[in-house]
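Colleague: Before we discuss contacts, could you put the model on the screen and take me through the terms as they come up?

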Amino acid sequence: MELPHHEDVSPASGTLAPRTWYAASDAATLSLDGRWRFRLSPTADAEDETFAAEGYDCGAWDEIAVPGHWVLQGHGAPQYTNQLYPFPVDPPRVPTENPTGDHLHTFDLPADWPRDGEALLRFDGVESCARVWLNGTALGDFKGSRLTHEFAVGELLRPEGNVLAVRVHQWSAGSYLEDQDQWWLPGIFRGVTLLHRPEGCARDFFVHAAYDHRAGTGTLRVDSEVQGRVTVPELGIDVPTGEQVVVPVEPWTAETPRRYDATLATPGERIPLRIGFRTVAVEDGLITVNGRPVLFRGVNRHEFHPETGRTLGLDTMRADVLLMKRHNINAVRTSHYPPHPAFLDLCDEFGLWVIDECDLETHGFQAVGWRGNPVDDDRWTPALLDRAARMVERDKNHPSVVVWSLGNECGTGRGLRAMAEWVRARDGSRLLHYEGDRSCADTDVYSRMYADHAEVERIGRGEDEGPRERGGLPFILCEYAHAMGNGPGGLGEYQRLFETYRRLQGGFVWEWIDHGIAHPEHGFAYGGDFGEELHDGNFVCDGLVFPDRTPSPGLVEYKKVIEPVRIEGHGPDGTVGITNLHDFADLSHLAFTWSFEKDGRTVADGVLAVPPVGPGGRAEVKLPPPPRRDPDAETQWTVRATLAEDTAWAPAGHLVAWAQLPVEQRVMLPVPGGAAPVRDAAGRRITLGAATFDARSGTLLSFRDREIRELGLDVWRAPTDNDNGMPWRPEPSVAARWRALGLDRMRHRVDAVEPGADGLTVRTRVAAAASDLALRTEYHWVSDGSRLHLRMTVTPQGDWPVPLPRIGIRFGLPGAADRVRWFGGGPGEAYPDTAAASMTGLWESDVDALQTPYVRPQENGARAGVRWVEVGGLRVESDSAPAFTARRWTTRQLDAARHRTDLTPGDTVWVNLDSARHGIGTQSCGPGVLPRYELRATPGPTSFSCVFSRTDE
Ligand code: GAL
């Protein structure tokens with residue numbers, strides 16, 4: 001049986017050979033983007049091909065935007081799967097139900113469209129395959145969704161009324177090669193362009209621009225299919241193509257993205273070039289650029305926009321690059337396909353190391369024991385080679401691209417070897433990456449994903465077992481620290497390893513952005529919200545920025561953890577060590593300042609003179625003598641490194657790195673006393689100073705006329721995605737174990753309410769139905785009449801097999817409680833293993849702004865290290881630096897919500913003050929909470945103290 005083109009493994013017919021992607025300064029181009037006519041059919045052959053013929057009447061058709069995905073424009077629906085193919089695995093066949101989008105677009109040539117030369121029609125991205133006609137003539141077809149394809153169309157063009165017809169199938173043989181963890185989003189999702197190609201145009205060219213760090217010289221040679229001249233005015237270069245020239249230059253690096261304006265002039269056109277000189281190598285087992293080892297502080301970036309899917313405007317790409325640069329990120333893996341070429345221009349311009357990854361993933365074959373995997377089936381090798389060539393040829397002139405990646409999660413096979421051989425032969429100037437083959441037979445880098453800290457350390461020490469050839473290779477984590485929901489925890493520990501062991505050359509957090517789709521009812525939708533039969537839920541929302549590109553706390557934490565300057569010191573004697581962790585830049589681009597703070601308030605500040613230490617260097621500097629001592633206050637230094645001058649990516653004053661050096665801690669919390677508990681005549685209430693308690697339950701009812709609800713021990717939190725772990729793993733997640741023990745349904749039994757001379761003591765036993773494990777909890781209240789002191793002691797009973805989510809108190813404040821002020825860590829949330837970016841100071845927020853808008857609601861928004869917090873007219877002080885959250889809904893409601901829009905504010909603000917919390921970890925895909933951040937329930941007891949007073953009188 002002959003298969004239709006879309007089910008054929010062959011990559012393309014009728015297309016031109018791939019080449020570099022460029023714009024000539026003097027060539028005509030016509031963007032065909034805009035409103036196109038559109039018809040959706042349920043199967044590939046529901047409609048014949050007459051729509052492509054001249055004179056077809058598409059009057060009844062709809063309209064959609066090109067570029068765009070039809071499923072995001074009211075035709076059909078998106079579908080999300082992580083690893084599984086959403087269709088039966090029977091390569092290369094695809095289902096009969098194959099949504100098919102027919103597109104028609106009519107266009108005129110501009111009046112000044114040149115008459116000579118050729119014209120090309122370029123498609124930069126069509127998912128998953130296209131068949132193309134111009135003015136009734138079939139041009140051909142192609143697969144390879146995120147790759148550029150061109151047709152020669154000169155002969156067919158006419159001045160007016162050109163009709164372009166494109167048939168796109170959602171599923172094709174190519175879908176088997178594109179099983180990336182993301183939404184399936186069919187359509188012509190990148191631009192369509194008509195390019196005039198004059199006679200004597202360059203067609204394809206290859207800029208070879210290396211840097212010799214010993215000599216300080218650049219070597220330039222531009223090979224061009226059509227001979228011409230290359231000029232670089234700033235360097236005095238004017239040479240024919242193909243000729244090599246060596247001149248002194250400043251090199252390109254991600255930290256110093258120096259480029260030189262140049263021109264390639266062929267008889268037919270002038271092409272502006274921006275040349276960056278750099279040399280990438282593996283030397284002595286280390287990845288070097290320009291002779292120096294580099295450390296990747298990276299992220300994995302999918303192309304995503306909450307409204308337009310993988311159709312991204314230049315402004316969005318730019319926003320990504322600027323956000324990355326402003327958060328100390330220096331590297332991007334273009335997971336898992338070549339991005340829009342304009343993104344690579346931005347990486348060249350602003351400075352980011354790029355691992356450019358081929359559009360190839362066959363992960364779904366894992367579910368069938370890798371039977372039939374295309375990368376190990378010679379019939380597919382031409383398709384694989386086509387993909388490799390389309391990536392390399394398109395992107396070869398970007399200095400930012402330092403590594404080619406063969407693809408992601410394809411298992412192993414001969415096809416990958418063939419790709420590697422082709423890539424090496426075509427471009428020996430870059431390194432080769434592929435994570436899925438542990439033998440590393442075809443790669444220059446040993447790369448892994450989600451290895452835990454202990455294993456990474458072993459690899460760093462060179463103690464890992466493995467094939468011998470792998471032992472000598474540099475190591476990177478191409479994915480780690482799964483940024484799903486609250487987290488990732490443990491970033492700092494990874495970074496310490498990267499900075500300790502030379503072989504560990506950094507990693508790429510998974511991933512940059514949450515792929516939540518804007519949705520009228522849900523806010524942001526995830527898997528299952530479109531009625532998909534098979535889906536992977538909110539596993540698609542695992543980014544460092546929310547779908548609308550607001551930085552999540554994870555990004556703020558990552559920025560702090562990877563800061564390229566380490567500031568350390570000893571507050572009391574005012575010494576500061578400044579280590580320059582850049583690989584190339586000295587510190588002259590940074591301005592250092594100090595401030596001295598008393599109870600969070602700055603009382604003095606100034607400039608800190610720091611020498612322009614070179615990369616890897618360190619300087620010791622001295623802070624001025626601290627202002628007068630004050631034993632009643634908490635004092636500290638804050639040292640900041642900011643941009644000294646405006647850069648392309650952030651203005652002068654932008655914060656790059658900081659540290660706080662404590663000088664004096666505050667004295668212990670005074671324990672008020674004096675008031676004796678008094679039972680009312682009816683025996684219903686007990687009064688202690690200005691506090692009233694229920695005499696039977698011992699529950700605090702009010703304090704100085706402020707109603708307080710349900711104050712008591714709380715150990716539950718709405719599980720985070722990391723608590724929930726990986727759904728496909730057989731062992732139960734920590735959240736499942738919590739639920740099994742009933743931590744979400746603990747009951748408080750009152751054992752004693754004991755007024756005494758030194759206050760009120762209430763004893764309870766907190767436990768869940770069907771369990772004999774318990775937390776004996778004693779509350780001891782004392783008051784001096786105006787303030788109220790609580791000491792809560794929790795003693796676990798039985799052998800608790802799991803860490804507890806939290807230990808602390810929870811209470812409700814009915815009525816208005818908008819503003820929250822606190823002295824402690826801020827401004828953002830912090831958990832035990834995500835607290836690097838939490839800065840001690842005086843902070844203020846309203847309750848709503850304390851909530852972190854994780855796409856799937858979960859524990860969030862805690863501010864840590866709190867000395868005091870004011871909320872709803874109450875002030876609570878503690879000397880054990882608890883964390884607090886304040887919400888207009890209960891933990892139970894938070895736990896039950898699937899989307900943010902499920903949370904509706906009630907009339908009570910619920911406040912939690914935790915003396916201890918379980919960490920976050922990154923077990924949604926990767927290691928769990930490190931032992932030091934686990935909250936072990938045994939052995940107890942633990943106690944917690946705080947003092948209540950009023951603020952609003
Ligand atoms: C990796 C994969 C990514 C993503 C991630 C989990 O295995 O390469 O595409 O699925 O896990 O979010």
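Colleague: How do the residues of the shell around the ligand divide into nonpolar, polar and charged?

Modeller: The shell divides into 4 nonpolar, 4 polar and 4 charged residues, where Ala, Val, Leu, Ile, Met, Phe, Trp, Tyr, Cys and Pro count as nonpolar, Asp, Glu, Lys and Arg as charged, and the others, Gly among them, as polar. This is a predicted model, in which local features need pLDDT of at least 70, side-chain atom pairs count only at pLDDT 80 or more, and totals for chains, interfaces and linings use all residues. Residues are numbered from 1 along each chain as its sequence is written, and side-chain values use heavy atoms, with hydrogens and water left out.

Colleague: Why is the crossing of H1 and H2 called right-handed?

Modeller: A crossing is right-handed if the near helix is turned clockwise from the far one by less than a right angle, and left-handed if anticlockwise; the crossing of H1 (residues 314–326) and H2 (residues 341–350), at roughly 35° with axes coming within 10 Å, is right-handed. Where heavy atoms lie within 4.5 Å, residues including Leu-314 and Met-317 in H1 meet residues including Phe-343 and Leu-346 in H2.

Methods:
Axes fitted to C-alpha atoms, helices over the stretch in contact; angles between N-to-C directions. Helix = DSSP H or I, 4+ residues; strand = E, 2+ residues; numbered from the N terminus.
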